[in-house]
Amino acid sequence: MRCEDRKNNDILLEVRNLKVHIKLDEGILKAVDGVSFPIKRGKTMGLVGESGCGKSLTSKAIISINPDICQTTGEVLFYDSEKNEIINLLELEKDSAEIRDIRGKKISMIFQEPMTAFSPLHTIGNQIMENILIHKMKNKKEAKEVAINMLKRVGIADAEKRINQYPHEFSGGMRQRAMIAMALSCNPDLLIADEPTTALDVTIQAQVLELMNQLQKEYEMAILFITHNLGVIAEICDEVAVMYLGEIVERASVKELFRNPRHPYTKGLIKSIPKMGRKKERLYSIEGNVPLPLDLPPACHFYERCEYRMDGICNKQKVPEIQLSEDHMVKCFLYNNYDNIKQDNYIKQETEAADV
């Protein structure tokens with residue numbers, strides 16, 4: 001498909017009805033169940049939700065690195081400006097030359113834990129250079145110069161020495177910076193950052209976020225930023241998709257989401273953010289736990305934990321997507337035109353979103 005055929009030239013990658021199902025002896029585990037969202041060029045899309053909601057499986061499905069036990073369907077449309085065509089990444093074989101030409105070069109990924117993502121048997125320099133030699137150039141001396149320059153760009157002092165060291169000789173923050181250097185070594189169009197600041201203290205976290213902002217502006221790349229921290233989402237993202245139990249339950253611009261959250265789950269996440277200046281009080285938490293996505297009935301999966309649930313409606317049918325505005329989508333029966341559904345009580349109970 002030629003790039004001229006698509007409706008929106010700003011969209012770099014579009015996920016459509018992505019499903020990742022895992023067959024178990026107990027039944028089918030629907031880890032990702034019909035996820036759709038666009039990622040615009042030069043913008044940051046945030047994917048937020050509790051642990052176990054399917055965020056990481058979604059990100060890995062984009063570049064086809066999930067285990068073979070995962071059955072993936074849907075579409076991941078990548079707009080390749082170099083070839084001037086639209087490519088459905090899910091149609092490519094996992095180990096084919098086509099997907100390997102994209103993975104690491106045009107779409108790179110920062111993994112959750114850099115200590116396990118890096119090989120302990122090879123130096124940091126060798127691992128960064130490997131990506132450069134595969135996708136960018138064949139000269140090892142030039143590749144080493146590029147790797148040293150990238151380490152300097154991400155703020156690692158004495159890069160000429162550090163490039164010959166092993167991952168265990170780096171601190172947590174330095175390993176994360178080295179992981180960013182490796183991901184950006186080939187100037188990708190899209191960077192997938194899977195909770196890149198989770199294991200870092202707040203000072204290093206702020207430095208990493210600022211670094212990613214700077215590099216995004218410099219390289220004009222798009223970012224898919226995955227986290228469970230709404231504070232980080234507010235800091236770095238342009239748009240945000242809220243994920244719960246394998247589904248996107250709300251999607252909007254980051255300003256709209258924080259000013260006017262609509263889904264009860266989104267409201268609960270925002271209410272749980274600690275706020276400076278408040279009197280000492282117990283932090284808000286959403287009651288219950290994320291259920292196992294195993295043979296779930298066609299109903300709202302947030303039903304058991306929702307304080308606004310409606311018996312006979314929310315637990316009896318699959319929730320449709322409701323388009324509240326051009327850039328705001330929610331999956332909740334409270335916004336559907338069903339008979340006997342009244343939003344008055346819900347609206348009265350709404351709390352103002354946190355100022356971010």
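User: In this predicted model, does Ser-59 count as buried or exposed at 0% relative accessibility?

Analyst: The cut-off for buried is under 20% relative accessible area. Ser-59 has 0% relative accessibility, so Ser-59 counts as buried.

User: Which backbone oxygen does the side chain of Ser-59 reach, and at what distance?

Analyst: Ser-59 lies in helix 1, residues 55–62. Its side chain reaches a backbone oxygen, that of Ser-56, at 2.7 Å.

User: Leaving aside neighbours within four places in sequence, which residues is Ser-59 in contact with?

Analyst: Contact here takes heavy atoms within 4.5 Å. With neighbours within four places in sequence left out, the partners of Ser-59 are Met-109, Ile-192, Asp-194 and Ile-226.

User: Leaving aside neighbours within four places in sequence, what is Leu-89 in contact with?

Analyst: Beyond four places in sequence, its contacts are Leu-13, Ile-62, Ser-64, Val-76, Phe-78, Ile-99, Ile-102 and Ile-107.

User: How many bridges join strand 1 to strand 4?

Analyst: Strand 1 covers residues 11–24 and strand 4 covers residues 70–80. His-21 has Gln-71 in strand 4 as its bridge partner. The two strands run antiparallel, and the number of bridges is eight.

User: Which residue takes a positive phi in the hairpin of strand 4 and strand 5?

Analyst: Four bridges join these antiparallel strands. Asp-80 has Glu-85 in strand 5 as its bridge partner. Four residues lie between the strands, and the one with a positive phi near 55° is Asn-84.

Definitions and conventions:
Residues are numbered from 1 along each chain as its sequence is written. This is a predicted model: local features need pLDDT of at least 70, side-chain atom pairs count only at pLDDT 80 or more; totals for chains, interfaces and linings use all residues. Side-chain values use heavy atoms; hydrogens and water are left out. Buried means under 20% relative accessible area, exposed over 50%, partly exposed in between (1.4 Å probe, protein chains only). A polar contact is a pair of N or O atoms within 3.5 Å; within protein, one must be able to donate a hydrogen and the other to accept it, and residues adjacent in sequence count only if both atoms are side-chain atoms. Two strands pair if DSSP finds at least two bridges between them.
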